[in-house]
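Dear colleague,

I am handing over the structure that I promised you, and the notes on what was found in it follow below. Please open it first and keep it beside you while you read.

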Amino acid sequence: MDGTASGRWQASISQWSGLVYKIPRACLKETEDIPELNTPGVYFLFGNECGQKFVYVGEADNVQKRILQPHLFEKNGSQWDDAVIYVTPDGSLEKGRVKYLEHYFYKQVCDCARYIVKNGNTPTKSPVRREVRDSLMTAVENIKLIMPTLGYKVFEPSKSADPSPKIMLHLAGKKASAEGYLNADGSIIVRKGSTFCLTETNSCKKYLKERRAELIKQKQVVNGEFVEDIRFTSLSTAAGCILGASVNGKDLWLYPDGKSFKKKNSL
């Protein structure tokens with residue numbers, strides 16, 4: 001769009017109404033010529049932290065306005081470099097559709113395990129009619145085609161991703177018991193059916209309380225039980241949320257043979 005590969009990009013596919021933009025962080029405030037960015041859409045924030053690539057998947061009623069606002073992961077000093085944004089000039093992306101796509105893309109990037117995923121919570125999956133879902137899958141496939149041309153293989157499974165079943169871990173504590181799959185990036189997927197302690201200790205940190213409240217608010221935990229698989233960025237965050245206490249997850253998550261993660265992975 002600006003006559004240089006390091007500037008803004010616009011991508012589209014013939015006979016498809018969607019538009020995908022790649023906007024460097026430094027150019028995001030200079031987009032008066034792209035009014036579509038002030039409409040509902042789905043976005044990806046890409047960055048690099050200590051040599052590791054990361055992505056954040058989000059949605060908004062006004063994409064540009066939301067991206068300019070701080071995200072939770074940025075509070076720790078992380079900074080994204082490029083935003084990739086999907087919008088429709090005809091305004092057909094209403095709230096339910098962008099929420100559905102956000103959830104779908106989040107699951108996809110987690111499964112591919114090529115990037116660290118910076119989302120703190122699993123996005124809520126909005127129910128949509130079958131015919132709407134079918135039309136959204138067309139958008140999904142087109143975005144998957146476009147994304148590598150913009151320089152991001154976020155939907156291509158990592159070569160390091162093991163196609164065999166992931167390592168199972170178990171956590172037992174006060175009035176809670178959980179099972180989870182360990183991912184290569186150090187995150188953990190807590191399995192549906194795991195239990196959740198509804199009380200909190202005095203040591204429970206603010207970010208854990210906020211995550212616990214969000215899980216209950218989004219009905220991902222109901223009556224002290226996980227009703228869907230939930231991804232946590234670390235063993236300690238997962239254990240802390242489940243137990244309602246600030247703990248070292250490497251000590252508490254156990255392999256099937258009963259050894260803790262810390263003991264089994266110590267030098």
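L45 stands opposite A83, a residue of strand β5. Please bear in mind that this is a predicted model, in which local features need pLDDT of at least 70 and side-chain atom pairs count only at pLDDT 80 or more, while totals for chains, interfaces and linings use all residues. Residues are numbered from 1 along each chain as its sequence is written, and side-chain values use heavy atoms, with hydrogens and water left out.

The names of the elements follow DSSP runs numbered from the N terminus, with helices being H or I runs of at least four residues and strands being E runs of at least two. Strands of a sheet pair through backbone hydrogen bonds, either parallel or antiparallel; here two strands are said to pair if DSSP finds at least two bridges between them. Strand β5 (residues 80-87) is joined to β3 by six bridges, and the two run antiparallel. They belong to an open sheet of six strands, whose order is β1-β2-β5-β3-β4-β6 and whose pairing is mixed. At its edges are β1 (9-11) and β6, each of which pairs on one side only.

Helix α2 lies across β3, β4, β5 and β6 and runs at about 165° to β4, whereas α3 lies across β1, β2 (19-24), β3 and β5 and runs at about 145° to β5.

**The four-stranded sheet**

A further open sheet is formed by four strands in the order β7-β8-β9-β12, with antiparallel pairing. Which strands stand at its edges? They are β7 (167-173) and β12 (230-232), each with a single partner strand, so one side of each is left without a neighbour in the sheet. From one strand to the next, the twist averages 30°. Helix α5 packs on this sheet and touches β7, β8 (176-182), β9 and β12, its direction making about 35° with that of β7.

Seven bridges join β7 to β8, which run antiparallel, and within this pair G173 stands opposite A176. The two strands form a hairpin with two residues between them, and K175 in the turn has a positive phi of about 55°. Further along, strand β9 (residues 188-190) is joined to β12 by three bridges, again antiparallel, and I188 has F232 as its bridge partner.

**An aromatic pair**

The whole structure holds 14 aromatic pairs, where rings of Phe, Tyr and Trp (its six-membered ring) pair if their centres lie within 6.5 Å, and planes under 30 degrees apart count as stacked, over 60 as edge-to-face and the rest as tilted. The ring centres of F44 and F155 are 6.0 Å apart and their planes stand at 85°, so the pair is edge-to-face. It links distant parts of the chain, with F44 in strand β3 (residues 41-49) and F155, 111 residues apart from it, in the loop between α3 (130-149) and β7.

**The largest pocket**

A pocket is an open set of points on a 1 Å grid over the protein atoms alone, where a 1.4 Å probe fits and protein lies on both sides within 12 Å along at least five of seven lines; lining residues have an atom within 4 Å of a point. The largest pocket has a volume of about 850 Å³, a volume being the space filled by probe spheres set on the points, which are joined across faces, edges and corners. It is lined by 28 residues, of which N76, K118, G120, T233 and T237 are the closest to its centre. Helix α4 gives the most to this lining, with four residues.

With best wishes

How values were computed:
Axes are lines fitted to C-alpha atoms, for helices over the stretch in contact, and angles run from 0 to 180 degrees between N-to-C directions. Contact means heavy atoms within 4.5 Å.
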